[in-house]
Amino acid sequence: MTDTAKPLIIALDYADAGAALALAEKLDPTQCRVKVGKELFTRAGPEVVRELVRRGFEVFLDLKFHDIPNTVAGACRAAADLGVWMMNVHAAGGEAMMRAARAALGEGAERPLLIAVTVLTSFDEPTLHGVGVAGTIADQVSRLAALSEHAGLDGVVCSPLEIAQLRAERCAAFNLVTPGVRPASSGADDQVRVATPGAAIGAGASYLVVGRPVTQVPDPLAALAAINAEIAAARRHG
Ligand code: C5P
(Lines give C-alpha, C1' and ligand atoms only; values in the text may rest on other atoms or scores of the structure.)
Protein backbone atom coordinates (compact mmCIF):
# COMPACT_ATOMS: atom_id res chain seq x y z
CA MET A 1 0.00 0.00 0.00
CA THR A 2 2.89 2.31 0.74
CA ASP A 3 4.18 3.78 -2.50
CA THR A 4 7.15 5.92 -1.66
CA ALA A 5 8.26 5.81 -5.29
CA LYS A 6 6.02 8.89 -5.57
CA PRO A 7 6.90 10.74 -2.36
CA LEU A 8 5.70 14.26 -3.15
CA ILE A 9 2.38 15.57 -1.83
CA ILE A 10 1.50 19.04 -3.09
CA ALA A 11 -0.50 21.18 -0.61
CA LEU A 12 -3.43 22.80 -2.42
CA ASP A 13 -3.67 25.69 0.05
CA TYR A 14 -6.29 27.77 -1.76
CA ALA A 15 -9.49 29.46 -0.63
CA ASP A 16 -11.62 28.19 -3.51
CA ALA A 17 -12.05 25.18 -5.73
CA GLY A 18 -11.35 27.11 -8.93
CA ALA A 19 -7.82 28.07 -7.86
CA ALA A 20 -7.09 24.58 -6.50
CA LEU A 21 -8.29 22.86 -9.67
CA ALA A 22 -6.40 25.36 -11.87
CA LEU A 23 -3.17 24.39 -10.10
CA ALA A 24 -4.09 20.70 -10.32
CA GLU A 25 -4.51 21.20 -14.07
CA LYS A 26 -0.80 22.07 -14.25
CA LEU A 27 0.28 18.99 -12.27
CA ASP A 28 0.69 15.39 -13.34
CA PRO A 29 -0.95 12.79 -11.05
CA THR A 30 1.76 10.28 -11.97
CA GLN A 31 4.38 12.64 -10.50
CA CYS A 32 2.74 13.71 -7.23
CA ARG A 33 -0.18 13.44 -4.85
CA VAL A 34 -2.19 16.40 -3.52
CA LYS A 35 -3.32 17.58 -0.08
CA VAL A 36 -6.65 19.23 0.72
CA GLY A 37 -6.72 21.05 4.05
CA LYS A 38 -9.27 22.68 6.32
CA GLU A 39 -9.65 26.01 4.51
CA LEU A 40 -10.26 24.59 1.04
CA PHE A 41 -12.47 21.81 2.38
CA THR A 42 -14.55 24.18 4.51
CA ARG A 43 -15.10 26.50 1.57
CA ALA A 44 -15.38 24.08 -1.33
CA GLY A 45 -16.68 20.95 0.39
CA PRO A 46 -16.32 17.30 -0.60
CA GLU A 47 -16.96 18.06 -4.28
CA VAL A 48 -13.43 19.41 -4.78
CA VAL A 49 -12.05 16.16 -3.34
CA ARG A 50 -14.27 14.09 -5.66
CA GLU A 51 -13.14 16.16 -8.65
CA LEU A 52 -9.45 15.69 -7.81
CA VAL A 53 -10.03 11.94 -7.46
CA ARG A 54 -11.88 11.94 -10.83
CA ARG A 55 -8.82 13.60 -12.35
CA GLY A 56 -6.65 10.74 -11.17
CA PHE A 57 -5.05 12.33 -8.10
CA GLU A 58 -4.44 10.47 -4.86
CA VAL A 59 -5.73 12.89 -2.21
CA PHE A 60 -4.46 13.37 1.35
CA LEU A 61 -7.46 14.82 3.23
CA ASP A 62 -5.76 16.84 6.00
CA LEU A 63 -8.64 17.52 8.42
CA LYS A 64 -6.90 16.31 11.62
CA PHE A 65 -9.97 14.76 13.27
CA HIS A 66 -10.06 14.92 17.09
CA ASP A 67 -13.33 13.99 18.84
CA ILE A 68 -14.97 11.07 20.63
CA PRO A 69 -14.18 7.69 19.00
CA ASN A 70 -17.63 7.16 17.46
CA THR A 71 -17.65 10.60 15.82
CA VAL A 72 -14.11 10.28 14.45
CA ALA A 73 -14.87 6.80 13.11
CA GLY A 74 -17.86 8.21 11.23
CA ALA A 75 -15.78 11.06 9.80
CA CYS A 76 -13.10 8.61 8.65
CA ARG A 77 -15.72 6.42 6.94
CA ALA A 78 -17.05 9.53 5.18
CA ALA A 79 -13.53 10.45 4.02
CA ALA A 80 -12.98 6.90 2.75
CA ASP A 81 -16.25 7.13 0.81
CA LEU A 82 -14.83 10.18 -0.99
CA GLY A 83 -12.05 7.95 -2.28
CA VAL A 84 -9.16 9.68 -0.53
CA TRP A 85 -5.73 8.01 -0.35
CA MET A 86 -4.73 9.30 3.09
CA MET A 87 -6.40 11.04 6.05
CA ASN A 88 -5.36 12.03 9.54
CA VAL A 89 -6.41 12.39 13.18
CA HIS A 90 -4.79 13.94 16.27
CA ALA A 91 -2.91 11.31 18.29
CA ALA A 92 -3.87 13.34 21.38
CA GLY A 93 -7.42 12.02 20.83
CA GLY A 94 -6.12 8.83 22.46
CA GLU A 95 -5.75 5.15 21.69
CA ALA A 96 -9.47 4.29 21.66
CA MET A 97 -10.18 7.10 19.19
CA MET A 98 -7.35 6.02 16.91
CA ARG A 99 -8.39 2.36 17.07
CA ALA A 100 -11.99 3.31 16.18
CA ALA A 101 -10.75 5.44 13.27
CA ARG A 102 -8.52 2.65 12.01
CA ALA A 103 -11.30 0.03 12.35
CA ALA A 104 -13.67 2.26 10.35
CA LEU A 105 -11.36 1.93 7.34
CA GLY A 106 -11.46 -1.88 7.22
CA GLU A 107 -8.77 -4.20 5.91
CA GLY A 108 -9.17 -3.95 2.13
CA ALA A 109 -6.01 -3.63 0.06
CA GLU A 110 -7.30 -0.32 -1.29
CA ARG A 111 -8.18 1.21 2.08
CA PRO A 112 -6.93 4.76 2.72
CA LEU A 113 -3.86 5.29 4.88
CA LEU A 114 -4.51 6.72 8.34
CA ILE A 115 -1.84 8.84 9.98
CA ALA A 116 -1.71 10.96 13.14
CA VAL A 117 -0.53 14.40 14.10
CA THR A 118 1.64 14.21 17.24
CA VAL A 119 2.53 17.72 18.46
CA LEU A 120 1.69 20.63 16.18
CA THR A 121 4.87 22.34 14.96
CA SER A 122 3.40 25.67 16.11
CA PHE A 123 3.85 24.41 19.71
CA ASP A 124 6.84 25.37 21.81
CA GLU A 125 7.56 23.95 25.25
CA PRO A 126 5.66 26.61 27.25
CA THR A 127 2.61 25.96 25.02
CA LEU A 128 2.90 22.22 25.67
CA HIS A 129 3.16 22.81 29.42
CA GLY A 130 0.19 25.22 29.17
CA VAL A 131 -2.06 22.38 28.05
CA GLY A 132 -0.88 20.27 30.98
CA VAL A 133 1.82 18.12 29.37
CA ALA A 134 5.11 18.09 31.28
CA GLY A 135 8.45 17.28 29.65
CA THR A 136 9.93 18.03 26.26
CA ILE A 137 8.30 18.23 22.84
CA ALA A 138 10.64 15.47 21.61
CA ASP A 139 9.42 13.14 24.36
CA GLN A 140 5.77 13.91 23.63
CA VAL A 141 6.27 13.37 19.87
CA SER A 142 7.98 10.06 20.62
CA ARG A 143 5.24 8.93 23.01
CA LEU A 144 2.39 9.84 20.63
CA ALA A 145 4.10 8.23 17.62
CA ALA A 146 4.50 5.00 19.62
CA LEU A 147 0.82 5.17 20.64
CA SER A 148 -0.17 5.73 17.00
CA GLU A 149 1.75 2.67 15.83
CA HIS A 150 0.37 0.61 18.71
CA ALA A 151 -3.19 1.65 17.72
CA GLY A 152 -2.58 0.32 14.20
CA LEU A 153 -2.08 3.61 12.37
CA ASP A 154 0.05 3.83 9.25
CA GLY A 155 2.28 6.71 10.31
CA VAL A 156 2.54 10.25 11.62
CA VAL A 157 3.12 13.75 10.38
CA CYS A 158 6.48 15.01 11.61
CA SER A 159 8.80 17.97 11.18
CA PRO A 160 12.17 17.52 9.43
CA LEU A 161 13.86 17.67 12.86
CA GLU A 162 11.94 14.62 14.09
CA ILE A 163 12.48 12.28 11.13
CA ALA A 164 15.73 10.62 12.25
CA GLN A 165 14.52 10.03 15.82
CA LEU A 166 11.17 8.54 14.73
CA ARG A 167 12.75 6.46 11.96
CA ALA A 168 15.01 4.88 14.58
CA GLU A 169 12.14 4.25 17.03
CA ARG A 170 9.30 3.03 14.83
CA CYS A 171 8.95 0.04 12.48
CA ALA A 172 10.19 0.31 8.91
CA ALA A 173 6.67 0.35 7.42
CA PHE A 174 5.58 3.28 9.60
CA ASN A 175 5.11 6.31 7.32
CA LEU A 176 6.73 9.63 8.23
CA VAL A 177 4.98 12.46 6.36
CA THR A 178 7.06 15.63 6.50
CA PRO A 179 6.16 19.25 5.71
CA GLY A 180 8.62 22.15 5.99
CA VAL A 181 10.47 20.96 2.91
CA ARG A 182 12.35 23.52 0.84
CA PRO A 183 14.53 22.91 -2.22
CA ALA A 184 17.96 24.54 -1.77
CA SER A 185 17.01 27.03 -4.49
CA SER A 186 13.86 28.40 -2.80
CA GLY A 187 13.25 30.59 0.26
CA ALA A 188 11.87 29.30 3.56
CA ASP A 189 8.65 31.43 3.49
CA ASP A 190 7.28 31.30 7.06
CA GLN A 191 8.64 27.81 7.77
CA VAL A 192 11.27 27.79 10.50
CA ARG A 193 12.41 24.18 10.70
CA VAL A 194 13.13 23.27 7.10
CA ALA A 195 15.02 20.57 5.24
CA THR A 196 15.81 20.07 1.57
CA PRO A 197 13.90 17.24 -0.16
CA GLY A 198 17.11 15.22 -0.43
CA ALA A 199 17.96 15.64 3.25
CA ALA A 200 14.42 14.75 4.38
CA ILE A 201 14.36 11.58 2.27
CA GLY A 202 17.92 10.76 3.35
CA ALA A 203 16.88 11.00 7.01
CA GLY A 204 14.03 8.54 6.44
CA ALA A 205 10.92 10.52 5.46
CA SER A 206 8.34 8.51 3.49
CA TYR A 207 6.37 11.40 1.98
CA LEU A 208 7.10 15.12 1.67
CA VAL A 209 4.38 17.79 1.82
CA VAL A 210 5.36 20.75 -0.34
CA GLY A 211 3.23 23.83 -0.94
CA ARG A 212 4.54 27.19 -2.07
CA PRO A 213 7.78 26.03 -3.77
CA VAL A 214 5.48 24.34 -6.32
CA THR A 215 2.20 26.26 -6.13
CA GLN A 216 3.63 29.80 -6.21
CA VAL A 217 6.00 29.50 -9.17
CA PRO A 218 5.33 30.14 -12.88
CA ASP A 219 5.98 26.51 -13.91
CA PRO A 220 4.73 24.11 -11.19
CA LEU A 221 5.44 20.99 -13.27
CA ALA A 222 9.07 22.03 -13.76
CA ALA A 223 9.41 22.72 -10.00
CA LEU A 224 7.91 19.30 -9.29
CA ALA A 225 10.32 17.61 -11.72
CA ALA A 226 13.29 19.40 -10.11
CA ILE A 227 12.28 18.23 -6.62
CA ASN A 228 11.69 14.66 -7.83
CA ALA A 229 15.16 14.73 -9.46
CA GLU A 230 16.70 15.93 -6.18
CA ILE A 231 14.98 13.06 -4.35
CA ALA A 232 16.16 10.52 -6.93
CA ALA A 233 19.73 11.82 -6.59
CA ALA A 234 19.54 11.60 -2.78
CA ARG A 235 18.35 7.99 -3.06
CA ARG A 236 21.15 7.09 -5.48
CA HIS A 237 23.76 8.53 -3.15
CA GLY A 238 22.05 7.33 0.02
O1 C5P B 1 3.79 26.18 1.44
P2 C5P B 1 4.38 25.14 2.37
O3 C5P B 1 5.34 24.19 1.68
O4 C5P B 1 5.00 25.77 3.60
O5 C5P B 1 3.12 24.28 2.82
C6 C5P B 1 3.26 23.25 3.76
C7 C5P B 1 1.95 22.59 4.00
O8 C5P B 1 2.10 21.66 5.07
C9 C5P B 1 0.83 23.52 4.43
O10 C5P B 1 -0.41 22.95 3.96
C11 C5P B 1 0.88 23.47 5.93
O12 C5P B 1 -0.35 23.76 6.54
C13 C5P B 1 1.25 22.02 6.15
N14 C5P B 1 1.89 21.74 7.43
C15 C5P B 1 3.04 22.38 7.87
N16 C5P B 1 3.57 22.07 9.08
C17 C5P B 1 2.98 21.15 9.84
C18 C5P B 1 1.82 20.50 9.42
C19 C5P B 1 1.29 20.82 8.20
O20 C5P B 1 3.58 23.19 7.15
N21 C5P B 1 3.53 20.84 10.97
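Start by selecting Val89 and Ala116: Val89 stands opposite Ala116, which belongs to strand S5. Strands here, like helices, are DSSP runs numbered from the N terminus (H or I and at least four residues for helices, E and at least two for strands). Before going on, know that this is a predicted model, where local features need pLDDT of at least 70 and side-chain atom pairs count only at pLDDT 80 or more, while totals for chains, interfaces and linings use all residues. Residues are numbered from 1 along each chain as its sequence is written, and side-chain values use heavy atoms, with hydrogens and water left out.

**Around S5**

Now widen the selection to residues 86-90, strand S4, which runs parallel to S5 and is joined to it by five bridges.

Next, pick residues 155-157. This is strand S6, parallel to S5 and joined to it by three bridges. Ala116 turns up again here, with Val156 as its bridge partner in S6.

Stay on S5 and select residues 113-117: five of its five residues are buried. Buried means under 20% relative accessible area, exposed over 50% and partly exposed in between, with a 1.4 Å probe and protein chains only.

**An aromatic pair**

Select Trp85 and Tyr207 next. The structure holds one aromatic pair, and these two form it edge-to-face, at 5.1 Å centre to centre and 80 degrees between the planes. Rings of Phe, Tyr and Trp (its six-membered ring) pair if their centres lie within 6.5 Å; planes under 30 degrees apart are stacked, over 60 edge-to-face and the rest tilted. Trp85 sits in the loop between helix H4 (69-81) and S4, while Tyr207 is in strand S8 (residues 207-210), 122 residues apart. Trp85 is buried at 11% relative accessible area, and Tyr207 is buried too, at 0%.

**Zoom out**

Show everything now: eleven helices and eight strands. The C-alpha atoms fill a box of roughly 45 × 35 × 35 Å along the principal axes. Of the 238 residues, 48% count as buried.

Key: Two strands pair if DSSP finds at least two bridges between them.
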